[in-house]
Amino acid sequence: MKRLRNIHSRSATRPQIRNERPLRLEQLEARALLAAVAAPSGLVSWWSANGSGADAMGLNNATLYNGATYAAGEVGQAFKFDGVNDRVQVADSASLKLTGSLTIEGWINVNSFGSSRGYIFFRGDDTRPPYFLATEPTGLLKFAVFPTATNGNGSAIEAYVTPGQLTHVAGTLDDATGLISLYLNGKLAGQSTTDVRLYADLNPASNPGIGIGNTGGYSGTATNYPFNGLIDELSVYNRALTQGEVLGIFKAGSDGKILSPISVNGPSSIEGQTGTTTPISFTIQRSGSLSGSLTVSYATADDSAISGADYAATSGTLTFADGEATKTIQVMVNGDNTSESNETFRLIVTPASGIAVMGVATILNDDAALTISSASATEGDTTIRYFDDFIPVQSQLGGGRHCAFGPDGNLYIAGRFTDDVQKFDGKTGAYRGVVIPSGSFSLHSPWALVFGPDGKGPSYRRIDECVGTCAGAAQAFD
């Protein structure tokens with residue numbers, strides 16, 4: 001089935017996307033679409049790299065230089081870069097002068113990290129970029145934002161990325177909350193808060209432009225920070241995608257994104273205890289024109305969660321009335337007392353005479369309660385004994401090195417083997433989730449935790465009393 005032309009419902013009015021600007025869908029790759037995800041709203045530019053540098057949104061077409069070419073990627077073809085001086089260039093565009101929220105997401109396969117930074121996506125000039133996504137020689141993936149073209153410190157999130165395999169990556173900045181986040185394969189790899197907001201205007205005398213696989217501004221610029229590997233389905237949005245939306249794109253895999261008259265969100269819900277059921281609600285959103293009715297069919301499908309055991313399978317049809325924008329479908333989640341990883345399942349929704357799209361629901365495990373074990377010491381032995389002698393490696397917590405009760409009454413523990421900070425109920429010991437994920441600012445074997453007088457925390461990575469950020473300042477989390 002060719003992924004082009006009328007990929008929305010043939011019985012519905014053509015979606016009104018970006019004021020009816022032509023969408024150049026003829027450039028997108030051909031494939032059977034079995035579990036695609038609807039392209040999230042706010043999509044500004046989308047380079048599918050299927051034998052062309054065309055932007056599927058019709059705004060920012062790209063040109064390949066210095067031997068940049070194409071190879072098999074995650075979704076059809078991808079841009080291929082040799083790490084020498086290849087680049088894909090886009091002229092600077094008002095549509096990408098984002099000053100508030102944004103998301104950069106796509107698939108990458110790193111051949112090698114080389115001796116310099118390798119830009120995946122860059123908007124800037126020879127002075128500084130307002131925002132970029134790149135790999136570092138150390139093996140880190142970095143998403144960074146800057147407030148001014150000259151002075152002023154930026155904010156960045158980093159996480160290690162595995163070379164030699166296709167990996168979905170996403171960096172988001174939320175203007176309303178200040179959250180800056182980095183995702184790898186649909187999972188949160190790092191998150192912090194920042195007061196940095198992007199500057200819009202580049203220096204016209206300093207080779208401004210947008211680069212994929214290198215810096216922008218070619219051929220005037222002498223700067224060269226080449227990426228070595230594949231970049232596929234690269235997309236930029238004017239809002240911060242939710243974790244559920246990022247997970248959905250990752251789960252779609254080679255079926256990728258499509259433009260559709262409907263979209264399905266990615267909800268989550270706490271699992272609950274044995275003998276209980278908890279509803280998880282999918283929202284089906286109708287996009288573009290809402291004129292006329294639209295009938296869709298839906299059915300759940302297993303992923304890591306199994307119908308019957310983890311949730312109750314659901315299927316049926318529903319109809320949007322003329323002018324109606326949203327519908328909700330509830331699926332019941334079966335609770336249990338088993339300590340396990342979070343699990344996911346899908347809701348596949350198909351508009352009449354159209355192409356199916358999906359949403360991915362996450363069942364959040366809540367069964368990993370904290371337990372305390374015994375430890376012994378020989379009288380007179382002055383060997384220092386650590387907190388993790390009493391908290392062994394458990395299903396969620398990888399060796400507790402230090403703990404602190406937060407202002408909310410919950411217990412926060414640094415996991416020295418899991419490289420994260422986790423939260424437990426201060427009274428029952430029930431697991432409440434990860435608050436500082438592994439990979440946040442290269443977090444490694446976190447030590448002491450400190451809550452500030454403003455109630456924010458835990459701070460980490462300062463050398464003396466916590467574990468410091470890459471710049472040496474403590475990071476505070478709400």
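## Rings, pockets and cavities

Let's start with some rings: Tyr119, Phe122, Phe132, Phe146 and Tyr225 form one aromatic cluster. Keep in mind as you look around that this is a predicted model.

How many aromatic pairs does the structure hold? There are 13 of them. Take Trp47 and Phe121 as an example: their ring centres sit 5.9 Å apart and their planes make an angle of 35 degrees, so this pair counts as tilted. (Stacked pairs need planes under 30 degrees apart, and edge-to-face pairs need over 60.) If you trace the chain, you'll see that this pair links distant parts of it: Trp47 belongs to strand β2 (residues 43–47) and Phe121 to strand β8 (residues 118–124), 74 residues apart. Are these two residues buried or exposed? Trp47 has 0% relative accessibility, so it counts as buried. Phe121 is buried too, because its relative accessible area is 0%.

The largest pocket has a volume of about 1600 Å³. It is lined by 50 residues, and those closest to its centre are Lys187, Leu188, Gln243, Asn342 and Val434. Which element gives the largest share of this lining? That's α1, with 5 residues. You can find α1 at residues 243–252. Other elements that supply at least two residues each include β12 (167–173), β14 (187–193) and β29 (431–436). Sort the lining of the largest pocket by class and you get 26 polar, 18 nonpolar and 6 charged residues.

Next comes the second largest pocket, with a volume of about 520 Å³. Its lining has 31 residues, and Ala39, Pro40, Ser41, Gly42 and Ser263 lie nearest the centre. Here α1 turns up again, as one of the elements that give two or more residues to the lining, along with β1 (37–38), β18 (262–264), β20 (277–286) and β25. If you look back at the largest pocket, β25 (357–364) supplies at least two lining residues there as well. By class, the second largest pocket is lined by 13 nonpolar, 14 polar and 4 charged residues.

Finally, there are the cavities: the structure holds 2 of 30 Å³ or more. The second largest cavity has about 40 Å³ of space. What lines it? You'll find Val75, Glu105, Trp107, His168, Glu233, Ile249, Gly256 and Lys257 around this cavity. By class, that lining splits into 3 nonpolar, 2 polar and 3 charged residues.

Note on methods: Residues numbered from 1 in each chain as written. Predicted model: local features only at pLDDT ≥ 70, side-chain atom pairs only at ≥ 80, totals over all residues. Heavy atoms only, no water. 1 Å grid on protein atoms, 1.4 Å probe; cavity = no way out; pocket = protein on both sides within 12 Å on 5 of 7 lines; lining within 4 Å. Points joined across faces, edges and corners; volume = space filled by probe spheres on them. Helix = DSSP H or I, 4+ residues; strand = E, 2+ residues; numbered from the N terminus. Nonpolar A, V, L, I, M, F, W, Y, C, P; charged D, E, K, R; others polar. Phe/Tyr/Trp six-rings, centres within 6.5 Å; stacked < 30°, edge-to-face > 60°. Buried < 20%, exposed > 50% of the residue type's maximum accessible area, 1.4 Å probe, protein only.
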